[in-house]
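The notes below follow the order in which I looked things up.

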Amino acid sequence: MQYYQKDIECMSRNKMNALQLERLKAIVAYTYENVPMYKQKFDAIGLKPSDIQTLNDLQKIPFTVKDDLRDNYPFGLFAAPMKKIVRVHASSGTTGKPTVVGYTKNDLDVWADLIARLVVQAGGSDEDIAQIAFGYGLFTGAFGLHYGLERLGATIVPTSSGNTEKQIMLMKDFGTTLFVATPSYALHISEMMEELGYKRDDFKLRLAMLGSEGHTEEMRAVLEDKLGVLATENYGLSEVMGPGVAGECIHKCGQHIAEDCFIYEIIDPKTGEVLPDGEVGEVVITTINKEGIPVLRYRTKDISYLIDEECKCGRTNRRMAKIQGRTDDMLIIRGVNVFPSQIESVLVGLEHIAPYYQLIVTKKGYTDQLEVQVELDNAELLDSFAQLEAVEKHIQHKLQVVLGLTAKIKLMAPKSIPRTTGKAKHVIDLR
Ligand code: DLL
């Protein structure tokens, strides 16, 4: 088994707890002294940094939420002076002001190491030709992967996202072996490869590091097959750092958390109560060695659970299961909670269906309506009313079993649902 930093990745639980506690105490003191908002939050409840003496004491600290970053836009939560901030990134939020984060030289150094760990645990190495098809810019994805891959010594092809035909040409001509993209863009690329008449053996791809949005196991199977790769999933968020927070190893059984840099908690999103490992709730993350913008107990809104079992790869850090959805993208349809990922796992892989879908939610009177628009993989079916109806009924039934509610199914012509080069927008809520 290959490791990038074995001493940390395979550290014993006791040692890791001790490291986390030491770093937690230091970051709490540093944050209290340097970020007025945290000082105010602590003072308001009479909490002193010296009250944090055990890992459990973390629970005494109030949560940080996205609005705290927005309210202190742009640099109000930075703990380091601007002179020491060498890069800024911002969240991909489409509404209102973005949330802005800053990195010191040391932060970038740690970040590159974490990404190099991700790459090695996914089976990548300095022999890879790595094409980065995340958008370069304020988004953390591209630059994050870039410097980690560079640290490892891989050959980087920084194509950025978009320009898909050229992207594919370079992939072939340069013999790209590793590529980095969102799952939606990877799907789009694979579709375009087919359209351009390529076969997967025309490429040297062997590893796809996917991330920045979720994908179901069904979608992963489609991508691995179409591209001829092993596809690993990677998680992160700008407010906490970007990619590198957690990612899968070659065994693909949960995303290893960089526990030397982040303390994870899973909470009940309604009560804020901390839940034991294995229970599903909202992921809350504390950064324990970030200088630019440390965050204490950041509520991610992402829903998952923690796995504390040995991994076949030998890494000892806890793992985070696939994100099931976000507290703010869970749809409540006629009182039933629905995550788009549940619908994706039903649709992807069905006969006659292409893996592209959109969920349209409306209100008729007082009643919520869910329409599932899903593409056919072959236009010929559009000529047969009986066949169309049979496919619709089949999907409706399968969704009914999984979701416990009846959705309207609309079969769409091939290629009619918009493709994306970044994160897909699966839900259009018109209520
Ligand atoms: O998406 C950071 C990143 C870039 C991670 C590249 C991995 C690879 P943001 O744009 O701030 O940062 O979006 C963060 O995206 O709170 C999740 O809701 C979602 N997300 C990220 N990775 C996953 C994943 C980057 N593997 C938000 N599964 C997070 C599900 C994910 N959701």
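I began with the make-up of the shell around the ligand: its residues divide into 6 nonpolar, 10 polar and 5 charged. I note that the model is predicted.

I then looked up which residues come closest. In total, 21 residues surround the ligand, and S212, E233, N234, S238 and D302 are the closest.

For E233, I found a polar side-chain atom 2.8 Å from a nitrogen atom of the ligand. N234 instead places a backbone N or O atom 2.8 Å from a nitrogen atom of the ligand. At K423, a polar side-chain atom lies 2.9 Å from an oxygen atom of the ligand.

I also checked how far the ligand is covered. Taken alone, the ligand exposes 610 Å², and the protein buries 92% of that area.

I asked which elements give two or more residues to the shell around the ligand. They are α6 (140–152), β7 (230–237) and β8 (242–248). Of the contributions to this shell, I recorded that of β7 as the most, with 5 residues.

I turned to the aromatic rings and counted 7 aromatic pairs in the structure. For Y103 and W111, I noted ring centres 4.8 Å apart and planes at 5 degrees; planes under 30 degrees apart count as stacked, so this pair is stacked. I looked up the accessibility of both partners. Y103 has 1% relative accessibility and therefore counts as buried. W111 is likewise buried, with a relative accessible area of 2%.

I then examined Y136 and F143, which form an edge-to-face aromatic pair, with 5.1 Å from centre to centre and 80 degrees between the planes. Are these two residues buried or partly exposed? Y136, at 25% relative accessibility, counts as partly exposed.

Last, I searched for arginine residues over ring faces. R299 lies over the face of F63, at 5.3 Å from the ring centre. R419 lies over the face of Y356, and there I noted 3.4 Å from the ring centre.

Conventions:
Residues are numbered from 1 along each chain as its sequence is written. This is a predicted model: local features need pLDDT of at least 70, side-chain atom pairs count only at pLDDT 80 or more; totals for chains, interfaces and linings use all residues. Side-chain values use heavy atoms; hydrogens and water are left out. A residue is near a molecule or strand if one of its heavy atoms lies within 4 Å of it. A polar contact is a pair of N or O atoms within 3.5 Å; within protein, one must be able to donate a hydrogen and the other to accept it, and residues adjacent in sequence count only if both atoms are side-chain atoms. Accessible areas come from the Shrake-Rupley method with a 1.4 Å probe; for residues, only the protein chains shown count as cover. Helices (H or I, at least four residues) and strands (E, at least two) are DSSP runs, numbered from the N terminus. Ala, Val, Leu, Ile, Met, Phe, Trp, Tyr, Cys and Pro count as nonpolar, Asp, Glu, Lys and Arg as charged, and the others, Gly among them, as polar. Rings of Phe, Tyr and Trp (its six-membered ring) pair if their centres lie within 6.5 Å; planes under 30 degrees apart count as stacked, over 60 as edge-to-face and the rest as tilted. Buried means under 20% relative accessible area, exposed over 50%, partly exposed in between (1.4 Å probe, protein chains only). A charge sits over a ring if NZ of Lys or CZ of Arg is within 6 Å of the ring centre and within 35 degrees of the ring normal.
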